[in-house]
Amino acid sequence: MFRPLLFFFLALLPLLGASSDDLAFVPSKTRKQSAFSFFNRFSNIGSIDTSGQVRTNAVSHAVAAGGIGANWGTQSSHRLPPSTVVRMLRENSIQKVKLFDADYDTLKALGNSGIEVMVGIPNDMLATLANSRKAAETWVSKNVTVHLPAVLIRYVAVGNEPFLATYNGTFLRTTYPAMKNIQDAVTKAGHGNQIKVTCPLNADVYASASSLPSGGDFRADIHDYMMPIVKLLSDTGSAFTINIYPFISLYIDANFPVEYAFLDGSATPINDGGTSYYNMFDANHDTLVWALQKNGFGNLPIIIGEIGWPTDGDRNANLQLAQRFNQGFMTRMSGGKGTPMRPGPIDAYLFSLIDEDEKSIQPGNFERHWGIFRYDGQPKYQLNMGPSNSSLVPARNVSYLERKWCILKPNAKLDDPQLAPSVSYACSLADCTSLGYQTSCGNLNIQGNISYAFNSYYQQNNQLDEACKFNGLGTITRADPSIENCRFNIIIKPYYGGAARISGCIQQKFALVLGLIMTIFLFSNFSFF
């Protein structure tokens, strides 16, 4: 049965315009790392070089260009059209956007919007770009030059947290060469004054021997790899991009002081040589500043590449705490207040703009719930984005599928042997991360949990009738099964992109065809598993 279906699928590939090369998958991002639980201080001296001489970096900029930005990820089963998202960005006064790729349709939609853009290069391209200047020049031509001057591209993010300890050194030797080749390609193309290369790094690239900010330095095992990168950033007038997540510290450490995670918290301050630190963000940020200063780059601008708080998937991930954290950070941004070592305005990108239901949940179920907007562009909570935006503006003209849901049949027996594998199958291919202890749907009964799983799979498969069979256990209803804060979603209409974004279309069509084949296969007259 399976082999004919496989041949049938392969026969469809030419009709989709695909080849075997289109079936490669990019590995999911590994766990975001906690920065550390250390803290404080800053003194106005230069860093000491190996000769014992006090030296400071010649670059005199203290921060990168200010203004609030947002991370726009696209690991979603049903994306909003890029034009819809761009309008939402503008109506919410979000001035900058950070991308994780260089999707053609996304960049095209950003044209003439006035929004500054950081385009991304995924880690799996680093080796190719590191080993070939020609490949770097081709990438810049096809993903940068073609969009200028309509798109205000300001940075190219080469890799994404490539030095994570969990990568076991996979990208240590290719990150800097890839950055150098891309920067050289940008300069050769005539864009060197406008566009700079950077590399978003996780806060685990530095540590503090004293558990205080003043003890900060780059990790000993990667120090020699960090120095060429930092020098390149300084020499080209770029900025050091760092991702800081107080939530992760709280998530992995049960003893982490909760109040210290928030910028408006009432935690007992940590004293570092006379400087008081009242929250983890300031302490973590200034640990990096000390690391840069100790290595001779004390004036290198810093960009906060990712910062935010999830709303579901963990007991500390909820609407109330996310609103508190993000509003505290926005208030800090609006007030132009920095940290003790960098008191000026902060340049930052909120993580993230929209929920992504296909992100890897290896780090935790919360990974799919970082957005300040839901999957459909609707605000999750009140968030004052600045003087011109007292509340979030939702996406406009969003198209949904029909108002119908897939639930467990009321007369289904809970001891049915097909029930457990049906739920397991649904959750493995859809999104059940709102189910669990102290999550938004944590109070559902057994029937409710099963119905949620069934509906998630049903919606993700565009409400196909076959996607609600589950060996006769599922049924379609037009009565909304949502209960209190637990929402049974209705999916938005699929977006497939324009003709120029061929590879994206192929992947989405591939997913739909494969999902249909698997549904037919699993819910045929053969046994469920």
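Accessible areas here come from the Shrake-Rupley method with a 1.4 Å probe.

**Figure 1. Overview of the predicted model.** The structure is a predicted model. Its chain has an accessible surface of about 22,400 Å², and carbon and sulfur atoms account for 53% of that area. The chain holds 13 helices and 17 strands. Of its 529 residues, 56% are buried. Among contacts between residues at least 6 apart in sequence, 74% join residues at least 24 apart.

**Figure 2. Disulfides of the chain.** The count comes to three disulfides. When the bonded cysteines are numbered in sequence order, they pair as 1-5, 2-3 and 4-6. The three views that follow take the pairs in turn.

**Figure 3. Close-up of the disulfide between cysteine 406 and cysteine 468.** The sulfur atoms of cysteine 406 and cysteine 468 are 2.0 Å apart. The torsion about their S-S bond is about 90 degrees, so this disulfide is right-handed. Cysteine 406 belongs to strand S16 (residues 405-408), while cysteine 468 sits in the loop between helix H12 (446-460) and strand S17 (474-477), so the pair ties together parts that are 62 residues apart in sequence. Both cysteine 406 and cysteine 468 are buried.

**Figure 4. Close-up of the disulfide between cysteine 427 and cysteine 432.** Here the sulfur atoms of cysteine 427 and cysteine 432 lie 2.1 Å apart. The torsion about the S-S bond is -85 degrees, and the link is left-handed. Buried means under 20% relative accessible area, and partly exposed covers the range from there up to the exposed class, which is over 50%. Cysteine 427 has a relative accessible area of 25% and is therefore partly exposed. Cysteine 432, at 13% relative accessibility, therefore counts as buried.

**Figure 5. Close-up of the disulfide between cysteine 441 and cysteine 486.** A disulfide links cysteine 441 with cysteine 486, with an S to S distance of 2.0 Å. The torsion about the S-S bond of this pair is about 95 degrees, so the disulfide is right-handed. Cysteine 441 is found in the loop between helix H11 (419-429) and H12, and cysteine 486 in the loop between S17 and helix H13 (502-522), so the pair ties together parts that are 45 residues apart in sequence. Cysteine 441 and cysteine 486 are both buried.

Figure 6. Cysteine 199 has a relative accessible area of 2%. This value is under the 20% limit, so cysteine 199 is buried.

Definitions and conventions: Residues numbered from 1 in each chain as written. Predicted model: local features only at pLDDT ≥ 70, side-chain atom pairs only at ≥ 80, totals over all residues. Heavy atoms only, no water. Helix = DSSP H or I, 4+ residues; strand = E, 2+ residues; numbered from the N terminus. Buried < 20%, exposed > 50% of the residue type's maximum accessible area, 1.4 Å probe, protein only. Contact = heavy atoms within 4.5 Å. Disulfide = S-S within 2.5 Å.
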